[in-house]
Structure formats: structure tokens, C-alpha cells
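Subject: Structure handover

Hello,

Here is the structure I promised to pass on. Please open it and keep it beside you while you read my notes.

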Amino acid sequence: MRFLFKTNYEQDVRLFQHGGQVFWYAVLAVLVLVAPLVLSDYLVGEAAFVFILAIAGVGLMLLTGYTGLVSLGHAAFLGIGAYGEAYLLSKGVPFPISMLLAALIAGATGFLIGLPTLRLSGVYLAIATFGFALIVSEILAKWESVTRGFNGFRVPRIVMFGETLRQDWHLYYISLAVLVVVILGVLNLLRSPTGRAFIAIRDSEVAAQSLGVNLTVYKTLAFALSAAITGLAGALYAHKLNFLSPDGFNIILSIQLLLMIVVGGLGSLHGAVFGALFVGALPSVIGILRGELPRVIAEQPGLEPLIFGLILVLTIIFEPYGIYGRWLKLKLYFQLFPLYRRATFRRTKAFLKSGRR
Amino acid sequence: MTTMIEVEGLSVAFGGVRAVDQVSFGVEKGEIFSIIGPNGAGKTTVFNLISRLYDATAGRIVFEGRDISRLSADRIAAAGIARTFQNIELFENASVLKNLLLGRHAHRRTSVFSELLFLPKVRRQEIENRSIVEDVIDFLDLAHHRDARVAGLPYGVRKVVELGRALAATPRLLLLDEPSSGLNPEETEDLSFWIRDIRDDLGITVMMVEHDMGLVGRVSDRVLALNEGKVLAVGTPSAVQSNPAVVEAYLGS
Ligand SMILES: Nc1ncnc2c1ncn2[C@@H]1O[C@H](COP(=O)(O)OP(=O)(O)O)[C@@H](O)[C@H]1O
Ligand SMILES: [Mg+2]
């Protein structure tokens with residue numbers, strides 16, 4: 001028995017597999033493009049922050065969700081990107097170039113971190129990256145000639161086409177553009193040998209090697225790319241913050257980034273974006289919660305990390321594929337509603353019977 | 001006839017256990033060559049030495065006239081050797097198609113930068129990869145499962161997917177580690193036809209570790225019997241099976 005869908009490989013390597021996807025993404029694009037016209041300045045700013053988080057999420061997703069290397073230190077790359085951007089702008093490097101250089105610095109750091117941690121995996125890697133992030137935050141605090149230490153660093157405004165960009169909607173569109181470019185680049189990687197090599201390392205190192213995947217090369221590459229993308233997010237984050245202080249890039253931020261991709265759904269770019277929406281909305285939710293809780297609990301300083309940790313653990317236990325996984329299950333359920341079980345059952349049987357013809 | 005792979009005095013020990021001890025044999029191009037022996041005989045270790053996952057303490061492996069004893073494990077696929085694993089090593093959270101496409105990795109000709117932009121040469125390469133993988137899907141009847149995630153598939157199908165992934169690499173030597181273990185008689189029957197077709201139609205030399213003596217007898221040109229890391233006998237399936245030392249090794253275990 002032959003199946004007709006083998007005929008067109010052109011279609012298989014396309015980004016969008018069918019017209020329905022194109023339609024919905026076009027609708028989304030229009031909505032996102034007109035949103036600043038109708039939303040309040042505050043919400044536009046928050047949306048820009050979600051885009052920035054999503055960029056960092058895509059970066060971390062590449063490393064943790066696709067290559068299987070857990071990082072508890074990604075706030076450091078965000079920090080390197082942010083300080084890199086602020087420093088380069090203050091030295092007169094023009095905007096898009098400053099951002100790209102900041103990403104390059106973060107990427108190079110990621111490459112250097114990737115090398116010694118190659119032999120580590122799982123919890124040990126998480127601890128090592130955590131240690132690395134501690135060192136970076138120390139450096140940010142002590143290297144005053146560059147970072148201005150605890151005096152803080154006022155981030156110079158972006159100047160483009162002779163205009164100083166200070167509005168929320170400026171950052172909104174810049175972040176959106178960067179997010180789209182990053183997602184397209186990563187999608188391209190994922191439908192190419194490099195992206196598949198990352199997935200291979202995640203699922204079986206020994207099989208990956210036997211198929212020709214050089215573990216050293218691809219693990220350091222994953223680290224470097226992930227760090228560069230996160231650095232890009234950091235450069236934009238600098239403009240969201242306007243004022244940088246070394247303690248802003250701490251373990252809580254690293255956990256938030258990890259939380260984002262785990263809650264969103266590991267191993268999918270949708271997951272990174274959903275997770276960014278979730279984490280972006282979380283502080284407001286916690287703020288409302290604070291108002292409702294008894295004062296003794298609400299005023300505990302450790303409340304936020306506690307809630308983050310709780311959500312992380314609950315997600316891993318109850319919904320390991322995250323928000324995106326839940327969405328896929330729902331979609332499949334409604335698409336196949338009465339037939340779901342029967343159809344899957346029939347397939348298995350058909351295969352068992354398939355003798356050689 | 002030309003020699004495909006020549007193994008000379010191959011040895012490796014794990015904490016005093018001589019898992020493989022002075023093993024020598026040669027496999028001709030176009031042969032189906034089976035390795036048999038009781039559990040723990042060192043069969044899988046021989047495969048792991050050839051795929052360079054383990055470093056031999058002594059001996060040489062010459063593949064198509066080229067010494068591969070010092071090659072790193074990730075160069076073996078490009079050299080022309082593909083394999084399956086005794087305990088299935090698939091990429092569980094990826095689709096069958098992605099798994100098979102990974103079989104093509106050693107043939108990669110593109111750089112990361114061209115892939116980030118998905119330049120025309122990347123597209124051409126992907127289309128070429130797809131057409132090779134689709135041939136494998138046809139050959140192994142995997143079309144039903146093409147887009148399924150491996151983790152949800154029955155054991156028998158996963159074994160076939162792993163075979164497919166090795167074939168997608170278009171190797172000249174294929175190492176199969178217990179390909180029939182866990183398969184039902186019908187699936188084993190399919191497998192025996194496939195193994196012969198792999199040799200006859202695809203021209204791939206096959207080395208196989210196998211316990212099912214029926215399957216070994218049906219497909220093998222020659223058999224090597226191993227026990228406690230040492231070669232007991234090499235020859236035709238019937239000659240090896242009636243060899244007194246082999247009979248004793250099996251009864252003794
Ligand atoms: N990585 C390893 N570390 C320690 N011992 C090993 C390792 N691989 C194989 N061995 C030992 O080598 C011997 C042969 O194993 P193996 O080649 O797997 O046997 P089989 O013939 O059943 O495939 C066994 O005693 C096994 O315990
Ligand atoms: Mg074995």
C-alpha cells in the first residue's frame with residue numbers, strides 16, 4: 001500500500017504546512033501590529049516586556065527544551081546583554097549594532113561556559129550554571145569602570161533615524177521585530193540538521209554520536225546560540241528597565257526564565273511564547289493575591305520565589321508538557337472527538353497484521 | 001571478493017573482566033555475518049568497539065582498508081557504518097520522520113549560518129534527505145507511523161524505526177544488535193525478508209548479533225560463536241551450531 005502524501009517534499013520543508021496556519025498567523029500578525037493603537041501605554045509597555053521575555057524564552061528553550069541541557073544561570077546572559085547594550089550605547093555605538101554586539105558578547109560567554117560544562121548534565125549542570133550566574137553578578141557589581149557597580153547604570157536612549165525613541169510603543173515594535181526574526185531563525189534551524197542534532201542529544205547521546213553528531217560541537221553551539229539570543233533579549237530588557245543595577249540579574253530571574261519554558265511547554269517554541277505571557281502576567285496576579293492574603297503571609301519577602309517554585313513543581317508533576325501540551329491535547333480531542341480511541345486502536349492492529357506483500 | 005571489515009586481536013577489559021579477548025575475524029563485502037553466544041559473551045561489546053563507543057585495549061579494526069581504531073565515535077557514520085542498539089536508542093520525543101532524518105546527519109553539507117537563513121542549498125539538501133527517508137519508509141512499511149511520536153509506539157514498531165534510521169544513513173556496513181528480540185513471529189518473519197533485501201537490493205553488508213537461531217540459520221552466510229570474550233568457532237550456520245565447543249558453551253550456561 002502506498003500513500004499519496006509522499007509525493008511533495010517541497011511542502012514538507014515549508015515553514016507553514018497548510019493554508020489554515022497561514023491564515024491564523026496572519027490574523028495574529030494584524031492583531032499584534034495594531035494593538036499599540038488601541039491599548040494604553042501601560043499595557044503596551046507590558047506587552048513589550050512579554051516579547052522580551054519570549055525572546056529570552058526561545059533562547060533558553062533552545063538549550064533546555066531542545067538540547068536537554070538545564071540552565072539555572074540564564075539571568076547572567078540577560079545581564080551581559082543588558083550591560084553590554086548600555087555600555088556600548090554610552091560609548092557611542094549606534095543602536096542596532098550595539099544590540100548585535102551585546103548578543104555576540106553574551107554568545108561568546110555562552111560558548112566559554114559551554115566548554116567546561118560539557119561533561120555535566122541534569123542537576124550538576126544546573127548547579128554549575130547557577131554558580132556561573134553568581135560569578136557574573138559579582139563581576140557586574142565589582143567591575144565599576146564598565147558597569148558603574150551599585151551606583152547603577154542609566155541606559156542611554158535608542159536613537160534611530162535621528163529620532164530619540166522614548167515611547168513604549170517604540171520598544172514594543174522593536175522587540176516584536178526581534179522576536180519574529182529570532183523565532184524564524186530558530187524554526188529554520190529546527191528544520192535543518194543542526195536543530196535535529198540538538199534534539200538527538202536531548203533524547204539519546206549515544207545514538208546521536210553513532211549517527212555522526214559531535215557532542216562537543218553541538219553542545220557548545222547550543223550554549224552559544226542560546227546565550228546570544230538571551231543576550232539579545234537582555235539588550236532590549238535594558239531599555240525596558242532604563243536603569244540597570246547588578247542585583248537585578250539574580251537567581252530569581254533565572255528561575256523565572258526556567259519557569260517560563262517549563263510552564264509554557266518544553267520542546268516547543270509556542271511553549272516559550274505562552275510561558276512568556278504567563279510569567280509576564282504573574283507579577284500582577286501576585287499583586288492582586290497580596291491584597292487578598294492575610295498580612296503576615298502577604299508581606300513575607302520570599303513570597304514570589306515560593307510561588308514560582310510551587311508552580312514549577314506542580315507543572316512538572318501534573319502537566320509535564322506545559323500549557324502548549326494541554327492546548328494540543330484539547331485540540332486533538334475536539335478534532336477527533338468521537339473517533340479518537342477507535343482510530344488509534346485500528347492503526348495498531350493494522351500494523352500487527354501487515355505481513356509482507 | 002573484497003573484505004569489508006577486518007578485526008585483528010581485538011581486546012577490551014572492564015575492571016578485570018575480559019569482555020572481548022583477542023577476537024579476530026573478517027567480513028566480506030555483501031555478506032550477512034552473525035555473531036552468536038550466550039548472554040555476557042561480549043557480542044554487544046564487539047559492536048561498541050567497532051562503533052568506537054569503547055576504546056580497545058589491544059587490536060585493530062580495518063574498515064574498507066582504512067584503520068578506524070582511533071576514529072572518534074561521531075566519525076563512524078560518515079565512514080559508512082550504521083547500527084542499531086540492543087535496547088533501542090531512539091529519539092523518543094521526536095516523530096518517526098525526525099528520527100529517520102537524523103539518520104542523514106553524517107551527510108550534512110551545510111553550515112549553521114546557511115541553516116539559520118534556510119538558504120536554497122539547505123532546502124535542496126532537505127528535499128534530498130526527505131526523498132531518501134521516504135524510500136526507507138516505503139521499504140519498511142512505516143508510512144502509518146511517519147508523523148507519530150516514537151514514545152507512543154509499540155515495541156515492534158520502534159525496532160523497525162531504529163532499523164530505518166540506520167538505513168537512512170545509507171551505510172555500507174550495517175550492525176544489528178539483536179534485531180528480533182521482543183518481536184512476535186510475524187514481525188520476525190518480516191525482519192528476515194528485510195535483512196535479505198538490505199543485502200540483495202541495497203547492497204549493504206550486514207553484521208548481526210542474534211539469539212533466534214532460526215533467523216540466524218535462514219539469513220546468515222557465516223556465523224561467529226563467542227563465549228567469555230573469545231571466539232569459539234566461525235563458519236556456516238550449520239557447522240557452527242554443531243561445533244562441540246559451541247554446544248557445550250550453550251549447555252554450560
Ligand atoms: N560499559 C561496561 N562496563 C562494564 N562492564 C561491561 C561494559 N560493557 C560490557 N561489560 C561486560 O562485558 C561483558 C560482555 O557484555 P556484552 O558485550 O554486553 O555481552 P552480550 O554478548 O550479551 O552482548 C559482560 O560481562 C558485561 O558485564
Ligand atoms: Mg548484548
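Start with A:Thr230. This residue is buried, because its relative accessible area is 0% and the cut-off for buried is under 20%. Bear in mind that the model is predicted.

Where does A:Thr230 sit? Look in helix α11 of chain A. A polar atom of the A:Thr230 side chain lies 2.7 Å from the backbone oxygen of A:Ser226. Now set aside the neighbours within four places in sequence. A:Thr230 is then in contact with A:Ala56, A:Gly59, A:Leu60, A:His74, A:Phe77 and A:Leu78.

Next, helix α5 of chain A. It runs over residues 95-114, which makes 20 residues. At 1.5 Å a residue, α5 should span 28 Å.

Which residues of α5(A) are buried? Find A:Phe95, A:Ser98, A:Met99, A:Ala102, A:Ala103 and A:Ala106. Then carry on to A:Gly107, A:Thr109, A:Gly110, A:Ile113 and A:Gly114. While you trace them, recall a general point. An α-helix has 3.6 residues a turn, so residues three or four places apart point the same way.

What covers the buried residues of α5(A)? The cover includes helices α4 (74-90), α6 (122-142), α8 (168-190) and α11 (215-241) of chain A. Strand β2 (158-160) is also part of it. Helix α11 is where you found A:Thr230.

Now step back to chain A as a whole. It has 17 helices and 4 strands. Of its 357 residues, 48% count as buried. Its accessible surface comes to about 18100 Å². Carbon and sulfur atoms account for 69% of that surface. Take the contacts in chain A between residues at least 6 apart in sequence. Of these, 77% join residues at least 24 apart.

Move to chain B and ligand 1. Which residues surround ligand 1? They are B:Phe14, B:Ala19, B:Pro38, B:Asn39, B:Gly40, B:Ala41, B:Gly42, B:Lys43, B:Thr44, B:Thr45 and B:Tyr54. This shell divides into 5 nonpolar, 5 polar and 1 charged. Helix α1 (residues 43-50) of chain B gives the most to the shell, with 3 residues.

Taken alone, ligand 1 exposes 560 Å², and the protein buries 63% of that.

Last stop: B:Asp221. Look in the loop between α8 (213-219) and β9 (222-227) of chain B. Is B:Asp221 buried or partly exposed? It counts as partly exposed, because its relative accessibility is 31% and that class lies between 20% and 50%.

The B:Asp221 side chain reaches the backbone nitrogen of B:Ile32 at 2.8 Å. It also makes a polar contact with the side chain of B:Arg199, at 2.9 Å. Beyond four places in sequence, the residues in contact with B:Asp221 include B:Gly30, B:Glu31, B:Gly235, B:Thr236 and B:Pro237. B:Asp221 and B:Asp147 are 74 residues apart in sequence and 36 Å apart in space, C-alpha to C-alpha.

Best wishes

Technical notes:
Residues numbered from 1 in each chain as written. Chains lettered and ligands numbered in written order. Predicted model: local features only at pLDDT ≥ 70, side-chain atom pairs only at ≥ 80, totals over all residues. Heavy atoms only, no water. Helix = DSSP H or I, 4+ residues; strand = E, 2+ residues; numbered from the N terminus. Expected span 1.5 Å × (residues − 1). Buried < 20%, exposed > 50% of the residue type's maximum accessible area, 1.4 Å probe, protein only. Contact = heavy atoms within 4.5 Å. Near = heavy atom within 4 Å. Areas by Shrake-Rupley, 256 points an atom, 1.4 Å probe, with all protein chains shown as cover. Nonpolar A, V, L, I, M, F, W, Y, C, P; charged D, E, K, R; others polar. Polar contact = N/O pair within 3.5 Å; in protein donor to acceptor, adjacent residues only side chain to side chain.
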